[in-house]
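Have the viewer open while you read.

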Amino acid sequence: TTDSAHLIVGLDVSGSVEGATLDGLRAAVRSVIGQLTDQDRFSLFSFSHRLRLLHRASSPREAAARVVDDLQSGGATVLHDAVILGTSLARTDSRPAVLVLFTDGSDTGSWSSAADALDALRRGHVVVFTVGAGLARGRASAPSTEYLRHPTWQPPRPADTLRFMQAVAETSGGQFFRVDKGAPLAEVFQDILARYRQRYLLSYTPTGVKTGDGWHRLE
């Protein structure tokens, strides 16, 4: 099982996240911090029309509980950029990294595309558990949807956002959680960390592969 971990939490604090939802996010972060040990590391960032790094790969109890109170809502949603930032933060510590990414809506202003975000995940080393609050229950678009493959940003349909959240989890080996607006997020975050603790990390060193040859199929 995972003895220690680098827990990264990314929170959508755009204009649609206010009132009870924002209070629920604050409570969820405090609760999951309480489950961490001195051997773990913790990072926290928020995103709206901009990315804001609040706590970076350090002791979960140093300042994390305090910075949670600074969370304020407002602005657009840079969901794709948030995935890339979370993937980058995984490289700031040697422990196995897990990203809990919360949003309640579609991307409305990222510099990067959905394809960019998924490519960053494939090249990164982080397991992502995505949490979508109040996302449309409509049928998700096909895995080959143009939205996930288009090289530049384009406005998503509701089904595209649902599929993107699923694809982020699937690509990284994590899991997608769809919750209702106003659901008890603390329980969801605690459940995610508990599930991650039960995972095993397997690794190997390839032989007979030339350095710099790029990607190789495993059989």
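Predicted model: local features only at pLDDT ≥ 70, side-chain atom pairs only at ≥ 80, totals over all residues.

**Strands**

Strand β1 (residues 6-12) and strand β2 (residues 41-47) run parallel, and 7 bridges join them. Of the 7 residues in β2, 6 are buried, so this strand is largely enclosed by the rest of the structure.

**Aromatic pairs**

Now for the rings. A pair of aromatic rings is described by the distance of the centres and the angle of the planes.

| Pair | Centre to centre | Angle between planes | Class |
|---|---|---|---|
| F45 and F47 | 6.4 Å | 40° | tilted |
| F129 and F177 | 6.4 Å | 40° | tilted |

Why does the F129 and F177 pair count as tilted? Planes under 30 degrees apart would be stacked and those over 60 edge-to-face, so the 40° between these two rings leaves them in the tilted class. F129 sits in strand β5 (residues 126-133) and F177 in strand β6 (residues 175-179), so their pairing ties together parts that are 48 residues apart in sequence.

**Helices**

Over on the helical side, how do α3 and α6 pack? Helix α3 (residues 79-89) and helix α6 (residues 158-172) meet at an angle of about 10°, and their axes are 12 Å apart. The cut-off for roughly parallel is under 35 degrees, so α3 and α6 fall into that class. On the α3 side the contact involves L79, H80 and V83, which meet F164, M165 and V168 of α6. Sorted by class, that contact has 5 nonpolar residues, 1 polar residue and no charged ones.

Helix α4 (residues 114-123) is worth a look as well. Its buried residues are A114, A115, A117, L118, A120 and L121. What do they pack against? The buried residues of α4 pack against α3, β5, α5 (146-149) and α6. On the helix pattern in general, there are 3.6 residues a turn in an α-helix, so residues three or four places apart point the same way.

Definitions and conventions: Residues numbered from 1 in each chain as written. Heavy atoms only, no water. Axes fitted to C-alpha atoms, helices over the stretch in contact; angles between N-to-C directions. Helix = DSSP H or I, 4+ residues; strand = E, 2+ residues; numbered from the N terminus. Parallel < 35°, antiparallel > 145°, perpendicular 65-115°, else oblique. Contact = heavy atoms within 4.5 Å. Nonpolar A, V, L, I, M, F, W, Y, C, P; charged D, E, K, R; others polar. Phe/Tyr/Trp six-rings, centres within 6.5 Å; stacked < 30°, edge-to-face > 60°. Buried < 20%, exposed > 50% of the residue type's maximum accessible area, 1.4 Å probe, protein only. Pairing = 2+ DSSP bridges.
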